[in-house]
Structures are given as structure tokens and as C-alpha cells.
Amino acid sequence: MLNARDAEARGAQILIHCQVISAARKGDLWHIETEQGQFTAHNLVNAGGPWVADILSGVLRQNSKAGIRLVRGSHIVTPRLYDHDKCYFFQGTDGRITFAIPYEQDFTLIGTTDAEHNDLGVKPVISDVERDYLCNFASEYFKKPVTPDDVVWTYSGVRPLYDDGAASATAATRDYVLDLDTNGAPLLSVFGGKITTYRKLAQQVLAKLKLGEDWTAEVPLPGGDFPVDGVGALIDELLGDFAFLDPKWAARLVRAYGTEARKWLGDAATAADLGQDFGATLTEAELRWMMAHEFAVTAEDAVWRRTKLGLRLDKSQTEAIDVWMAKEGQKP
Ligand SMILES: Cc1cc2nc3c(=O)[nH]c(=O)nc-3n(C[C@H](O)[C@H](O)[C@H](O)COP(=O)(O)OP(=O)(O)OC[C@H]3O[C@@H](n4cnc5c(N)ncnc54)[C@H](O)[C@@H]3O)c2cc1C
């Protein structure tokens, strides 16, 4: 989301909830039809993640040699299992590693699994086998066993791994592969990738397309314009300027918004100045910021994709956020 905002500020047009329906080469250009209009482009990048191969065959009608392997990875979240801020990596007898990471202040995140997931029409959800696997794996290492009853939330995703012919999902390469087709206007497809290396990947995409210089290495995303070791100082500054915040609240805001937190805290002198608190310190002012600047439309965007405050909110609180956002979204 921050990357999309950054791109928008530099002139990109961002269309959310907008499917590319078809695209075809005509002369030196791609003619692209989307749910929100038609576009032309000299270059087309297919960064469809798990859908990259479906887009190649279905949307672009290309015959590609490149294959994709869809491997589900699931995570479990438990109440905090230990009281320091380090991560653990665990080695299993099956040759895999898993991790336990401090998560959202009061929780521990344990992951992941490798499970074949061949139907993208099926929402990826953790299976009981995966959940038990992670609990047992972690229990080998923690003094107190981790049981399914400890699990407060789970999430799963599908890795689009380049099919290098490996025998098992675990052995398939985690490296990304950029496939450039110059049979007419260039088409570049991205297979695999990591969030941690996305800027390198993007630079290599532009280099392959002979577009632009590398410039992102030292450039922060919106709100990230402070020193790497400056989180504590930023939290202290917020606590000094907004006396109604408590340390946990301020830490959450700095982690989510960095220097931009004060943009929507504005000149609030009391918590009430931020409007209704929907629970877990999520207020109208924060929701307004997400809706105006961060493409948030529904409560799910706000409490799961953006903040993970869903871990602390019950169903009725989330429903109240949905109702408020729907009303707010209709305002001119
Ligand atoms: C279980 C799991 C664990 C991971 N762990 C890590 C980790 O620890 N560290 C790390 O760095 N990375 C991790 N990753 C990888 C990371 O999530 C991905 O590299 C990253 O999300 C890839 O981003 P992307 O934009 O390329 O693809 P995606 O985030 O998959 O985005 C692709 C987008 O294309 C859209 N799309 C599809 N078809 C169309 C169409 N026809 N028109 C328009 N849009 C379309 C989809 O809606 C989607 O939004 C993990 C991934 C998984 C699944």
C-alpha cells in the first residue's frame, strides 16, 4: 500500500479492485482492457503473483514455457509465548525450518508450512494437518507445549514459485525469475519474489525493460523518513506532543505510520478529538486517514490488511467499523 502511494505521488495512476480483462499487442503498443477503462502501454509487466500464469494464458493469450508451482504457506498466531523481541528459527527432522516471531505486541507468530494448492479458486486456509504440524514443531522447542487451543488466529497465502522441476514443494526454488518476451511490445512476467527484496526485483524489471535508473536504495516509503534506530525517539516525540496516547498506542502508530502518524493526529488534544473509538484505539480519525490516503474501503482493509487490530476486536466492533466506513465513503 505504501509503495502504491509512493508511486502515485510520483505520477502513477493506481486503480484498486480493477481487474485486467484482456490485453493484446497492436503495433508497438499493448492495448489493455480493464474493469475501469482501456489503456495503451509500450511495456506490460505481469506481476500477478499466484495468478501470473493464469494471466499469461487467460488474459494475454500467450503460450509460455514458464510453469508455476502454487504452494500454500500457513501461519498460526498465539498469545505471546516469550517476553523478548528476538525471533527463533527451529530446525525440524523433516529438513524444514519454521520460525516464531514476536507479533503485534501481545502475540507470537509461528510459520510456515508448504502445501500444494493447485486451485486458485479455493481460498487458502490452514488445514488441521498444517496447524498441528506447526504446534508440534514449536512444542519441540518451547518448554510449554503449543496446542491448537492456544491458536487465536491463522492466515495462509499461496506462493507462486517458479517451477524448476523440483520433486517437492519444499525443494522448489524461492528465487524469483523474470521472463521477458520481446516478440513485439515487451511483456515481462514476474515469477516468485519476496517482500524483503521487492525493490531489487523492481529495479531488475526496469533494467530488463531498459527503463529508468536505480534510485530506490536510500529512498524511504511514505512515513519512513527517520533513522533506522529512531523508532524509540519517534514514539517519545508522539508521547510528548499527544499526552493522551499511552506507550503501546504510540508504538503501534509509529510502527504503522512512522512520521505520518501526526498527519492525522493533527491538533488533537484529547482522545475524544479523534472521534469515536471503535475499540483497540482505532478511531474515526485513523479510519478517515486510511480511507482518504491508503485505499481502505472496508473494515477488513482497515483491521486486517492494514493494522491487524482485528486480533483485538470482536465481530460486533468490526461490523460497526464497516457501517461507519460505508457511511463515510458516501460523503461527497
Ligand atoms: C505463505 C507466504 C509467506 C511469505 N513469507 C514471506 C516473508 O516472510 N518474507 C517475504 O519477504 N516475503 C514473503 N512472502 C512473499 C510475499 O508475500 C510475496 O513476494 C509478495 O506478496 C509478492 O507481491 P506481488 O505484488 O508480486 O504479488 P501479490 O501480492 O500476489 O499480488 C498480485 C496481485 O495481482 C492481482 N491480480 C491477479 N490477476 C489480476 C488481473 N487479471 N488484473 C489485475 N490484477 C490482478 C491480485 O489480485 C494481487 O493483488 C510470503 C508469501 C506467502 C504466500
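Where is I14 found? I14 sits in the loop that runs between helix 1 (2–9) and strand 1 (20–26), where helices are DSSP runs of H or I with at least four residues, strands are DSSP runs of E with at least two, and both are numbered from the N terminus.

Before I go further, please keep in mind that this is a predicted model, in which local features need pLDDT of at least 70 and side-chain atom pairs count only at pLDDT 80 or more, while totals for chains, interfaces and linings use all residues. Residues are numbered from 1 along each chain as its sequence is written.

To stay with I14 for a moment, this residue is exposed, because 12 other C-beta atoms lie within 10 Å; a residue counts as exposed with 12 or fewer such atoms, as buried with 20 or more, and as partly exposed in between, the C-beta atoms being placed from the backbone. Not counting residues up to four places away in sequence, I14 touches A4, A7 and E8, contact being defined by C-beta atoms, placed from the backbone, that lie within 7 Å. I14 and F295 are 281 residues apart in sequence, and from C-alpha to C-alpha they are 9.5 Å apart in space.

Let me now turn to the protein as a whole. Its secondary structure comes to ten helices and twelve strands. The radius of gyration is 22 Å, close to the 20 Å that the globule rule gives for 332 residues, so the protein is as compact as a globular protein of that length; the radius is taken over C-alpha atoms, and the rule is 2.2 Å times the number of residues to the power 0.38. Of the 332 residues, 24% count as buried.

The protein is divided into domain 1 (2–63 + 178–208), domain 2 (68–162) and domain 3 (231–330), with bounds that come from an automatic or database domain assignment. Taken over C-alpha atoms, the centres of domain 2 and domain 3 are separated by 28 Å.

What about the interior? In soluble globular proteins, nonpolar side chains tend to be buried together. Here the largest nonpolar core has 19 residues, and V52, I68, V71 and F191 have the most contacts inside it; such a core is a set of buried Ala, Val, Leu, Ile, Met, Phe, Trp, Tyr and Cys residues joined through C-beta atoms within 7 Å. Helix 2, strand 5 (68–79), strand 10 and strand 12 (187–191) each supply at least two residues of this core, and at least three residues come from each of domain 1 and domain 2. Leaving aside its neighbours within four places in sequence, I68 is in contact with V52, A53, P160, Y162, D163 and F191. Apart from this core lies another one, of twelve residues, among them F278, A296, A299 and I321.

The ligand comes next. Of the 19 residues around it, G49, G73, G157, K194 and I195 come nearest, a residue being near if its C-beta atom, placed from the backbone, lies within 6 Å. Helix 2 (52–59) and strand 10 (153–162) are the elements that give two or more residues to this shell, and strand 10 provides the largest share, three residues. At least three residues of the shell are drawn from each of domain 1 and domain 2.

I will finish with the backbone. A cis peptide bond, with omega about -10°, joins G111 and T112, and T112 has its place in the loop between strand 8 (107–111) and strand 9 (115–116).

Methods
Contact = placed C-beta atoms within 7 Å.
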